[in-house]
Amino acid sequence: MRRRNLFIQLGISIALLALLGLLINNLAVNLIRTGLGLGFGWLARPAGFALAESALPFTPSDSYLWALTIGWLNSLKVIVAGLVLATVLGVAAGAARSSGNRLLSSLAGGYVALIRQVPLLLQLLFWYFVAFLGLPAAPMGGLIKLSNQGIQLLGLNLSVEFCAVLVGLTVFTGASIAEIVRGGINAVPRGQWEAFRSLGLAEGLGLRRIVLPQALPAILPALTSQYLNLAKNSTLAIAVGYADLYAVSDTTITQTGRAIEGFLLLLLSFLLLNLLISGGMAAFNSAVLGRLNRSR
Amino acid sequence: MNRWLDRSITLLILALIGWAGWSLLHWLLVGADWSVVTTNLPLYAVGSFPADQRWRPLLWMAVLITLTLLTLVGPKRGWVRRWLPLAWIAMAPLGLWLLAGGLGLLPVGTRSWGGLTLTLLLTGGSGALALPLGILLALGRRSDLPVLRWSSAGYIELMRAVPLIAVLFFGQLLIPLFLPPGLEINRVLRAVVAFALFAAAYIAEDVRGGLQAIPPTQREAAAVLGLSPVQTLQLVVLPQALRIALPSLTNQAVGLLQNTSLMAILGLVELLGISRSLLANPAFIGRYLEVYLWLAAVYWLACTAMALLARHLEFQLDPVRSSR
């Protein structure tokens, strides 16, 4: 039996290696035919394109590597802001769905049902072309100045593209987080609600201090995968012209023809992003579980 | 105190809904111009399919809608019910034949495919490829053979780490690079393959969840009955695992349908792509809201129909119900 298993594994390995070899051979033939070859020397060459938005100084004479770094930072910016806002919206909507107020819970239910059945890309286009580009050209509002040129928030200048991607990702991910939060809250025994009510705690305080902490262990793992989804979905920013990592990679590849290398770099950047998110969530998870165990 | 808070929240929401309803009504009566939708209905349905051949994709969609209605609200038993599963399976080859032509029909290149027809065909085609591949990957990940386990897990984790748009973009760019020179496959097929390769990784994880939920006693019982490992898998383990995984597989299917819209960025004229080219037409300049609302309604309907069909299937496969 063991010997047979060994033979099967050997067979599978050979088949996989043969497939890989065939693909690499085809690739090599095609690369020689197009005269490109493989290499990363082009990263140091000047990019030659401008970026509409950059956290650090960038000019077209800077290198492709620097352009990709700026794109990565732009992605990080919208992802981090999106994570925070989507969590706030999701927790609020999830709590609203399990609240006693009929109207409030059905409003939250309608939000979830509507948002989850419509493609995210369509929603992003809506936020960009209808909601933000539909704003008047002259700034309106006091503390928050709104116009179709950009949003000014307490001295912070945000581009319309950034806002559209941020709002789109927040509203879309918030709906999924609401479902997770509702599931987590429903998993907390009803006795806990009755207990804090009989102690005279207000509804909101009881939810924050008694119910949500107990719901967290059930919520966190699912929340992590939603965060990873948000990070991946942020690449749709290219549809509204926000210069995120994917958009910069796309331009770079179109200009240089370096599809394989570009793909490898994109893959590495996303592995790094995923590690950041899942590592942070794992630390948070163990901190929450530790606190919960100590308080018992 | 609590009752007052409750009442004020209710009043606030009513005021908000009233305001939103009033603005929407005002826009519908005064601002909206639906000609961008009404004059282009054939484009949304079939794209730029040759006008004299339009009956082919339209016929396919009519059959699809009829089947959906028959399944959901048709007779509960009798010959119609018995033939339904077979009819559903026949939909994919029928669609391909009606769209591509051949066998007595005028051939139509994939360049002219578009609209809702293409959206549905992309969903169906990639789903049909992704499901078996996903099941194989899930079985591979739970195999006793380390090589198989590692390679399946590696593939699944890699695919789940990258964004779909990157997979699709590189599917269009890289698939030709990895094929022998001279062998070319067209854009639609490349998109279907890339979608299937991506979706299979997610399906694999859902199926793995179903496999993990099967108690080991089921395998032992099958072994005692003298079933071979393949028979055990085919007759005992997989049917139960797939039934358990069905709700999450449904979510994947709905997600797949929504994600076909990403092909609009890469230049296919499926439902969202055709709308983008319509909005670029000077005759319909600025009619974003009308088009997006219309598209949202179509996607919402298609996704809801799919979810209802899946719930129907779940109900049919429920052992408690079917044993009665």
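This is a predicted model: local features need pLDDT of at least 70, side-chain atom pairs count only at pLDDT 80 or more; totals for chains, interfaces and linings use all residues.

Residues are numbered from 1 along each chain as its sequence is written, chains are lettered from A and ligands numbered from 1 in the order in which they are written, and side-chain values use heavy atoms, with hydrogens and water left out.

**Exercise 1.** Describe the elements and the extent of chain B.

Step 1: Count the elements. Chain B has 14 helices and zero strands (DSSP runs numbered from the N terminus: H or I of at least four residues for helices, E of at least two for strands).

Step 2: Look at the extent. Along the principal axes, the C-alpha atoms of chain B fill a box of roughly 75 × 75 × 45 Å.

**Exercise 2.** Work out what makes up the contact between chain A and chain B.

Step 1: Count residues. Chain A puts in 45 and chain B 46, with contact meaning heavy atoms within 4.5 Å.

Step 2: Find the area. About 4200 Å² is buried between the two chains, 76% of it on carbon and sulfur atoms; this is the accessible area (1.4 Å probe) lost on being put together, summed over both parts.

Step 3: See which elements take part. Those giving two or more residues to chain A's side include α1 (2-34) and α9 (259-295). The most come from α1(A), with 12 residues.

**Exercise 3.** Describe how α6(A) meets α7(A).

Step 1: Get the geometry. The axes of α6 (residues 190-198) and α7 of chain A come within 10 Å and cross at roughly 145° (lines fitted to C-alpha atoms over the stretch in contact, with angles from 0 to 180 degrees between N-to-C directions).

Step 2: Name the residues. In α6(A), W193(A) and F196(A) are among those that meet α7(A), whose residues there include L207(A) and I210(A).

**Exercise 4.** Locate the salt bridge of R141(B).

Step 1: Find the partner. R141(B) pairs with E157(B), their closest N and O atoms being 3.1 Å apart.

Step 2: R141(B) is in α6 (residues 115-141) and E157(B) in α7 (residues 146-161) of chain B, 16 residues apart.

Definitions and conventions
A salt bridge is a side-chain nitrogen of Lys or Arg within 4 Å of a carboxyl oxygen of Asp or Glu.
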